[in-house]
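Colleague: I am new to this structure, so please show it first. After that I will bring my questions one at a time.

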Amino acid sequence: MSRFVGKGTVIVARDRIGVGTGSKIAEYVTIRDADHDRSVPLSHLAFRQKPVTIGRKVWVAAQAIVLSGVSIGDCATVAAGAVVTRDVSPGTTVAGVPAKPI
């Protein structure tokens with residue numbers, strides 16, 4: 001079973017981003033495993049990184065954003081435009097800003 005990443009998607013991996021088999025990532029999605037470390041001045045360009053894990057058979061719809069440290073369980077769905085800031089349980093659909101189960 002293959003994976004798919006749509007046009008215009010941005011994946012920034014300073015540590016690790018894993019995508020399970022059969023997962024589909026639509027166009028213009030952003031996935032980042034790092035964030036600016038706000039404990040030091042922004043001018044120092046310090047980062048905090050935490051791995052992102054996207055399980056098997058996950059659908060991440062257009063223009064969604066997945067932030068560092070998030071784990072998305074198998075067979076979950078992330079709605080278009082959602083901002084995922086917390087873990088998503090397997091088989092769950094999330095939507096909104098921040099993303100919540102629907």
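Colleague: Does arginine 48 count as buried, partly exposed or exposed?

Modeller: Buried means under 20% relative accessible area and exposed means over 50%, with partly exposed in between (1.4 Å probe, protein chains only). Arginine 48 has a relative accessibility of 37%, and therefore it counts as partly exposed.

Colleague: Before we go on, what kind of model is this?

Modeller: Residues are numbered from 1 along each chain as its sequence is written, and side-chain values use heavy atoms, with hydrogens and water left out. Local features need pLDDT of at least 70, side-chain atom pairs count only at pLDDT 80 or more, and totals for chains, interfaces and linings use all residues; the model is predicted.

Colleague: With which residue does arginine 48 meet in a salt bridge?

Modeller: A salt bridge is a side-chain nitrogen of Lys or Arg within 4 Å of a carboxyl oxygen of Asp or Glu, and here the N to O distance is 3.5 Å. The pair links distant parts of the chain, 13 residues apart, with arginine 48 in strand E7 (residues 47–49) and its partner in strand E6 (residues 34–36); strands (E, at least two residues) are DSSP runs, numbered from the N terminus. The partner is partly exposed as well, with a relative accessible area of 31%, and the residue is aspartate 35.

Colleague: How many salt bridges does the model contain by this rule, and what is the N to O distance in the one between arginine 56 and aspartate 74?

Modeller: The count comes to two salt bridges. Arginine 56 lies in the loop between strand E8 (52–54) and strand E9 (59–60), while aspartate 74 lies in the loop between E11 and strand E12 (77–78), so this pair ties together parts that are 18 residues apart in sequence. Arginine 56 is partly exposed at 45% relative accessibility, and aspartate 74 is partly exposed at 26%. Their side chains meet at a distance, N to O, of 2.8 Å.

Colleague: Over the ring of which residue does the charged end of arginine 14 sit?

Modeller: A charge sits over a ring if NZ of Lys or CZ of Arg is within 6 Å of the ring centre and within 35 degrees of the ring normal. The charged end of arginine 14 lies 4.0 Å from the centre of the ring, which belongs to phenylalanine 47.

Colleague: Which strands stand at the edges of the open sheet of four strands?

Modeller: This sheet has the order E2-E5-E10-E13, with parallel pairing, where two strands pair if DSSP finds at least two bridges between them. Within it, strand E5 (residues 30–32) and strand E10 (residues 65–66) pair over two bridges, and threonine 30 stands opposite isoleucine 65. At the edges, each strand has a single partner, so one side of each is left without a neighbour in the sheet; these strands are E2 and E13 (83–84).

Colleague: What is the relative accessible area of valine 66?

Modeller: Valine 66 lies in strand E10. Leaving aside neighbours within four places in sequence, it is in contact (heavy atoms within 4.5 Å) with Thr30, Ile31, Arg32, Val52, Ile72 and Val84. Valine 66 is buried, because its relative accessible area is 0%.

Colleague: Which strands are at the edges of the sheet of six strands?

Modeller: The six strands form an open sheet in the order E1-E4-E9-E12-E14-E15, and the pairing is mixed. Two bridges join strand E14 (residues 93–95) to E15, and these strands run antiparallel, with alanine 95 opposite lysine 100. Each edge strand has a single partner, so one side of each has no neighbour in the sheet; these strands are E1 and E15 (100–101).

Colleague: Which backbone atom does the side chain of serine 23 reach?

Modeller: Serine 23 is found in the loop between strand E3 (17–19) and strand E4 (24–25), and it counts as buried because its relative accessibility is 0%. Not counting residues up to four places away in sequence, serine 23 touches several residues, among them Ser2, Phe4 and Ile54. At 3.2 Å, its side chain reaches the backbone oxygen of glycine 20.

Colleague: What is the relative accessible area of threonine 9?

Modeller: Threonine 9 lies in the loop between strand E1 (4–5) and strand E2 (10–12). Leaving aside neighbours within four places in sequence, threonine 9 is in contact with Ile25, Ala26, Glu27, Tyr28 and Val29. Threonine 9 is buried, because its relative accessible area is 18%.

Technical notes. A polar contact is a pair of N or O atoms within 3.5 Å; within protein, one must be able to donate a hydrogen and the other to accept it, and residues adjacent in sequence count only if both atoms are side-chain atoms.
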